[in-house]
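This briefing treats secondary structure, overall dimensions, packing and the chain interface in turn.

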Amino acid sequence: MTAHATFAVFMTALVTATGVAYAAGVVRLGRRGRPWRWARTISFFLGLGLLLLGLWLPNIVHTHHDLRLHMVQHLLLGMFAPLPLVLGMPGLLLLRNLPRRGVGVVMGLLVSRPLRCLTHPVTAAVSDMGAMYLLYLTPLYLLSLHNGYVHAWVHLHFIVAGYLFTWAIAGPDPAPRRPSYALRLTVLFLAAGAHAVLGKLMYAYAWPRATGDALEDVRAAAQWMYYGGDLAELLLAILLFAQWRGRHALGRGSWAFSMGSRRSVANLR
Amino acid sequence: MAAASAEAETKRSAWVAALIGIGLMAAVDEIVFHQLLGWHHFYDQATPAIGLLSDGLLHSAELIAIVAGFFLFSDMRRRGTLAPLHAWAGFFLGAGGFQLFDGIVDHKILRIHQVRYGVDLLPYDLAWNGAGLALLIVGLLLLRRARAA
């Protein structure tokens, strides 16, 4: 088995375990008479499905080492899958399943300095967009084609950084001390700008280089990145404003509050 | 007090609609001229680096302007504080202002790309900026009417 396939199998196991844990959490809540919204469950599993599609895409289309394919994978893993995943609100599901003491521990962790720094929109944006500049404008991408470990790390980074960024900008999960809407909107503006500039730079200067891809293919990949990224960022902006409006309309409490999680969020806050 | 807040709401109506005007004009530019007609290039080998940077940030701003505009607009409508005439004025001012900005700053000063390639540019530039100016004038006339009302 190739290193790529090993990684895909490992990730599939991880995705499956996450799905099982989520489903178990939903069932457990249901047994206690606290129903969980179906829309959230469907959304979360849609996200997991997009992850699997992204991971196995090279095997599905029987093409490897193609920059255009890699770009579609990048869009699926790092930009599109995180949207339905955060809408599934796995954080809230976890909190509702934890005993009161556990909730305190998780909230304590979330307000701790290291985690607050890690989940800050600026950190998330830099680690997400910065890694892409590093990957495509240096020989790192070439290295990832030849080294299975680097390849695995790149894909894992797409998933983790993409999720973190989406969550930090517009995640509906309850979180203590979320930065202001103005700050999150500014970060989204700069990150979307950085993504668009990277797409144009790749197109203009034919990055990444020496990969064996024809110039037209590199340019096609750069355009897919540009327009695909646009769509994902548009959806993220809609998500952010939908939260802002929900909060605005109520004039109190969080968006999660308006989404029908009255008791638990009131308790958490 | 009530008069001051009413004035704030009319101003807000104009600004919110201006965001929609900017976003829609930018979307028309992207969809009609980039995608359908293929007149503009994604990149034309002549765009300087600063042009790419400004292009990326402007693009991101357009994207957010259109989403922000629609949400703020629907919020004002729901609260019944939207001043329709001011909103129309703002919409035309935003659309015309963007068109003119794109035609002069993006095309001519930053040279991000041109309206069309392989043709005499002058009539295209005149039509582009003329259209922007016309929209801007419509916006100004509407604003005058809105203020008089």
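Chain A comprises 14 helices and 0 strands, where helices (H or I, at least four residues) and strands (E, at least two) are DSSP runs numbered from the N terminus. The model is predicted: local features need pLDDT of at least 70, side-chain atom pairs count only at pLDDT 80 or more, and totals for chains, interfaces and linings use all residues. Residues are numbered from 1 along each chain as its sequence is written, while chains are lettered from A and ligands numbered from 1 in the order in which they are written.

**Chain A: overall form**
- The order of elements from the N terminus is α-α-α-α-α-α-α-α-α-α-α-α-α-α.
- The C-alpha trace of chain A spans about 55 × 40 × 30 Å along its principal axes.
- In chain A, 39% of the 269 residues are buried (20 or more other C-beta atoms within 10 Å of the residue's own, C-beta atoms being placed from the backbone).

- Helix α8 (residues 121-137) of chain A packs against helix α11 (residues 181-205) of chain A at an angle of about 5°, with the axes 10 Å apart; axes are lines fitted to C-alpha atoms over the stretch in contact, and angles run from 0 to 180 degrees between N-to-C directions.
- α8(A) and α11(A) are therefore roughly parallel (angles under 35 degrees).
- The residues of this contact divide into 16 nonpolar, 1 polar and 1 charged; Ala, Val, Leu, Ile, Met, Phe, Trp, Tyr, Cys and Pro count as nonpolar, Asp, Glu, Lys and Arg as charged, and the others, Gly among them, as polar.
- Beyond its neighbours within four places in sequence, A:L236 is in contact with A:L83, A:T166, A:I169, A:A170 and A:L188 (contact: C-beta atoms, placed from the backbone, within 7 Å).

**Chain B and the interface**
- Chain B has 4 helices and 0 strands, and its C-alpha trace spans about 55 × 25 × 25 Å along the principal axes.
- Of the 149 residues in chain B, 38% are buried.
- The interface brings 16 residues of chain B into contact with 20 residues of chain A.
- On the side of chain B that touches chain A, 11 residues are nonpolar, 3 polar and 2 charged.

Notes: Contact = placed C-beta atoms within 7 Å. Buried ≥ 20, exposed ≤ 12 C-beta atoms within 10 Å, placed from the backbone. Parallel < 35°, antiparallel > 145°, perpendicular 65-115°, else oblique.
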